[in-house]
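Open the model in your viewer and keep the selection panel at hand. Each stop below says what to select and what is there.

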Amino acid sequence: MKKLVKKIGVITSGGDAPGMNAAIRSVVRTCAFYNVTCVGFNRGYAGIIEGDYQIMDARSVRGIINKGGTILKTARSKAFRTVEGRKKANQKLQEIGIDSLVVIGGDGSFTGALILNQEFNFPVMGIPGTIDNDIFGTTHTIGYDTALNTVVEVIDKIRDTASSHNRLFFVEVMGRDVGHIALNAGVAGGAEEILIPEEDLGLDRLLESLKRSKKSGRSSSIVVVSEGDKIGKNVFELKDYVEKNMTEYEVRVSVLGHMQRGGSPSCFDRVLASRMGVKAVESLLDGKTNYMVGLKNDIIQLTPLNQAIKGKSEINMELLRVSDIMTT
Ligand code: ATP
């Protein structure tokens, strides 16, 4: 028989992403809709261990759908990685009377949730919130679309200065394991080359491509580099290498860094977060546990958490081809 769910906890954990607030709002309001108490823990798993929380009603989340970051704060809790820490977390959850936990975060946060479930049989549900889009089981994670738009806006600005000075810019974007941001923002920003972890372009081909681009009469070049690209050199080493081998270029580097995490979430991320929050709470009320909600074929669907953690988020190979054709 299904256990009646009366109190749901929610955390944001790992790296912050724009749209996390919209997801919190959705979880809180869906709980209110079903007359379930919602408890927001501050600073992810750390807040659970320390009993740092507040009861959240529908009005407590007003005015946050358009705000970047997360009102619940996020953290990387070392203590939760230990059995002792998780024991404490489970004790706190029991004391407060939490029946189920919604975890908004990335695959690390989901791993923690799954272990909590395995050790204490605690019901958990994941909502993917991370700008890298590196989660299996969803075509989009919350924050990815906003980050993409931020990056494209910056590339457009860099293009203005690059073409005024006849410069080559290496623009480093986030994406340690997957090149979604680099690939999409590179195509949208008209980059001459895109370096991503999934593809080993090699330095020779990079030089060849830049030479071709120069010959074709381009006044500026932008190379978008994912922070985890396979060439194995950081952007500053790439700059030195190209400057040495292509003296006709003045090369500059722009590392976009944390600005990619900030800003007001896009319409897409707000809608996605709202849909995912509803599905997460309704699934828990339905007695489901150990799943992640995700977007597939424009439908919000569940993927078992272990698959979401183990699976690999693949880049769109067709987009790679489009990118190659666009840079001719
Ligand atoms: P992002 O993709 O933005 O980095 P993430 O959720 O993958 O987000 P992590 O730092 O990997 O971020 O994980 C967040 C938190 O989840 C950790 O600080 C820790 O508390 C918990 N966690 C991660 N991995 C484990 C694990 N193997 N066992 C227990 N807890 C874990």
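**Before you start**

This is a predicted model: local features need pLDDT of at least 70, side-chain atom pairs count only at pLDDT 80 or more, and totals for chains, interfaces and linings use all residues. Residues are numbered from 1 along each chain as its sequence is written, and side-chain values use heavy atoms, with hydrogens and water left out.

**Stop 1: the open sheet**

Select S7, S8, S6 and S9. These four strands form an open sheet in the order S7-S8-S6-S9, with parallel pairing. Strands here are DSSP E runs of at least two residues, helices are H or I runs of at least four, and both are numbered from the N terminus. Two strands pair if DSSP finds at least two bridges between them. Now look at the edges: strand S7 (193-195) and strand S9 (250-255) each pair on one side only. From one strand to the next, the twist averages 20°. Angles run from 0 to 180 degrees between N-to-C directions, and axes are lines fitted to C-alpha atoms, for helices over the stretch in contact.

Zoom in on S7 and strand S8 (residues 221-226). Three bridges join these parallel strands. Pick Leu-195: opposite stands Val-225 in S8.

**Stop 2: helices on the sheet**

Contact means heavy atoms within 4.5 Å.

Next, take helix H6 (residues 180-188). H6 lies across S6, S7 and S8, and runs at about 175° to S7. Which residues of H6 are buried? Colour His-180, Ile-181, Ala-182, Leu-183, Ala-185 and Gly-186. Buried means under 20% relative accessible area, exposed over 50%, and partly exposed in between (1.4 Å probe, protein chains only). The buried residues of H6 pack against H5, S6, S7, S8 and helix H11 (317-326). Step on to Gly-190, which follows H6: its phi is positive, near 65°.

**Stop 3: the ligand**

- Arg-76: a polar side-chain atom lies 2.6 Å from a ligand oxygen atom.
- Gly-106: a polar backbone atom is 2.9 Å from an oxygen atom of the ligand.
- Gly-108: a backbone N or O atom lies 2.9 Å from an oxygen atom of the ligand.

On its own, the ligand has 620 Å² of accessible area, and the protein covers 84% of it. Accessible areas come from the Shrake-Rupley method with a 1.4 Å probe.

**Stop 4**

Move to strand S2 (residues 37-41). Four of its five residues are buried. Four bridges join S2 to strand S1 (residues 7-12), and the two run parallel. Ile-8 has Cys-38 in S2 as its bridge partner.

Back up to Asn-35, in the loop between helix H1 (20-33) and S2. Its phi is near 60°, a positive value in a residue other than glycine. Is Asn-35 buried or exposed? Asn-35 is exposed, with a relative accessible area of 71%.

Finish at Lys-73, in the loop between strand S3 (53-56) and helix H3 (83-96). Phi of Lys-73 is positive, near 60°. Lys-73 counts as exposed, at 53% relative accessibility.

Methods
Polar contact = N/O pair within 3.5 Å; in protein donor to acceptor, adjacent residues only side chain to side chain.
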